[in-house]
Amino acid sequence: MMPQQLKYTRILLAVDCLIFGFESQTLKVLLIKRKLQPYQNEWSLMGGFLVGEESADEAALRILKELAGLSGVSMEQVKTFSKADRDPTERTVSIVYSSLIDIKKFEEQINHEYEAQWFKLNEIPKLIFDHTQMIAAGRDYLKKKAALQPILFGLLGEKFTIPQIQQLYEEVFESSFDKRNFSRKLLGSELLKKLDEKDKSNSKKGAFYYQLDKQINHYNFNILLNLAYNQQ
C-alpha cells in the first residue's frame, strides 16, 4: 500500500520592517512608496521576501538597508501576519520586525530612492495590504516594552528634564499624565541621577537635567509600569 501523499499549498515568506522614530518630542513612523504592482506608488512599510539561504533576521536587515538605507538598527520580531487574503497576488505570510530610533542619529543614512518619509502617527496615509494593522501591533509592542524597560530615556540624549521624559511617555502611551504624580514616582524610582545644570529654554526658573543612572544593574519594573499605566 502506497503511503498517502501530503498536499501542500505554496506559501511565500516575507518580512516587513516597522521603524518608529522620535523627533521634536513627536513619535513618527518611516514609510516608503511601493515600486511594484499591485499598489504601485502607494505608501507602505519596508518589505520583501526571504532569498537564498538567509534567515528572517538577515532578511530584515537587508530589506531595511536596500529600501530605506538604514543600517546598524536593532530590530525585534513583533508579530506574524498570516491571513490567507492579506496579499491579493499570492498567499504570503509576513513577519513584522520593529525598532525605535532617534531620527536625528540616522537622518543622514536615509535613502530616498523609494521616497522614504517620516509621518506622525496621527497623520499616516492610506497603506497597502494590512500595514496599518502592523503599525498598531508594533505600537502595542512598544508600549509593553517601554513599561518594562527604560528604553525611552535613551531617545532624549545623555541628559533630559522630567517634563521632556513625561512628554515622551505621553506620546508613546497616548495618554496625559498628571505632572506632579509623574515627577514624584520617577524621582522616587532611583533610576535617575540629578545634574547641577538646568534647562532654561522654557522658563527663567528652569528645570534640572537628569541622566539615567548607569550604575544601576537592575531596574524596578513596577516603577516603569506605574509610570506608564497608573498615575494615581
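Here is a short tour of this structure, one selection at a time.

Before you click, know that this is a predicted model, in which local features need pLDDT of at least 70, side-chain atom pairs count only at pLDDT 80 or more, and totals for chains, interfaces and linings use all residues. Residues are numbered from 1 along each chain as its sequence is written, and side-chain values use heavy atoms, with hydrogens and water left out.

**Stop 1: the cores**

Start by selecting Ile135, Ile165 and Tyr169, the residues with the most contacts inside the largest nonpolar core, a group of 41 residues. (A nonpolar core is a set of buried Ala, Val, Leu, Ile, Met, Phe, Trp, Tyr and Cys residues joined through side-chain atoms within 4.5 Å; buried means under 20% relative accessible area, exposed over 50% and partly exposed in between, with a 1.4 Å probe and protein chains only.) Now colour strand 1 (12-23), strand 2 (26-33), strand 5 (76-81), helix 3 (131-146), helix 4 (162-173), helix 5 (179-187) and helix 6 (221-229): each supplies at least two residues of this core. Helices (H or I, at least four residues) and strands (E, at least two) are DSSP runs, numbered from the N terminus. Helix 4 gives the most to this core, 6 residues.

Zoom in on Ile165. Setting aside neighbours within four places in sequence, Ile165 is in contact (heavy atoms within 4.5 Å) with Leu152, Phe153, Leu156, Phe160, Phe182 and Leu186. Then pick Ala56, Ala59, Ala68 and Ile95, which belong to a second, separate core of 24 residues.

**Stop 2**

Leu31 is in strand 2 and counts as buried, at 0% relative accessibility. Show what Leu31 touches beyond four places in sequence, and you'll find Trp43, Leu45, Phe119 and Ile135 among them. For a contrast in position, draw a C-alpha to C-alpha line from Leu31 to Gly52: they are 21 residues apart in sequence and 26 Å apart in space.

Next, select His131 in helix 3, which is buried too, with a relative accessible area of 2%. Not counting residues up to four places away, His131 touches Asp16, Ser44 and Leu45. Look at Leu45 in particular: its backbone nitrogen lies 3.0 Å from a polar atom of the His131 side chain.

**Stop 3: Lys79**

Move to strand 5 and pick Lys79, which counts as partly exposed at 44% relative accessibility. Lys79 and Met134 are 55 residues apart in sequence, but their C-alphas are 8.1 Å apart in space. Lys79 touches Ser94, Ile95, Val96 and Ala137, leaving out residues up to four places away in sequence.

**Stop 4: the pockets**

Finally, select Arg34, Leu36, Gly47, Gly48 and Phe49, which lie nearest the centre of the largest pocket, out of 27 lining residues. (On a 1 Å grid over the protein atoms alone, a pocket is an open set of points where a 1.4 Å probe fits, with protein on both sides within 12 Å along at least five of seven lines; lining residues have an atom within 4 Å of a point.) Strand 1 gives the most to this lining, 4 residues.

For the second largest pocket, select Ser74, Ser99, Leu100, Ile101 and Leu155, the nearest to its centre among 16 lining residues. Strand 6 (92-102) supplies the largest share of the second pocket's lining, with 5 residues.

How values were computed:
A polar contact is a pair of N or O atoms within 3.5 Å; within protein, one must be able to donate a hydrogen and the other to accept it, and residues adjacent in sequence count only if both atoms are side-chain atoms.
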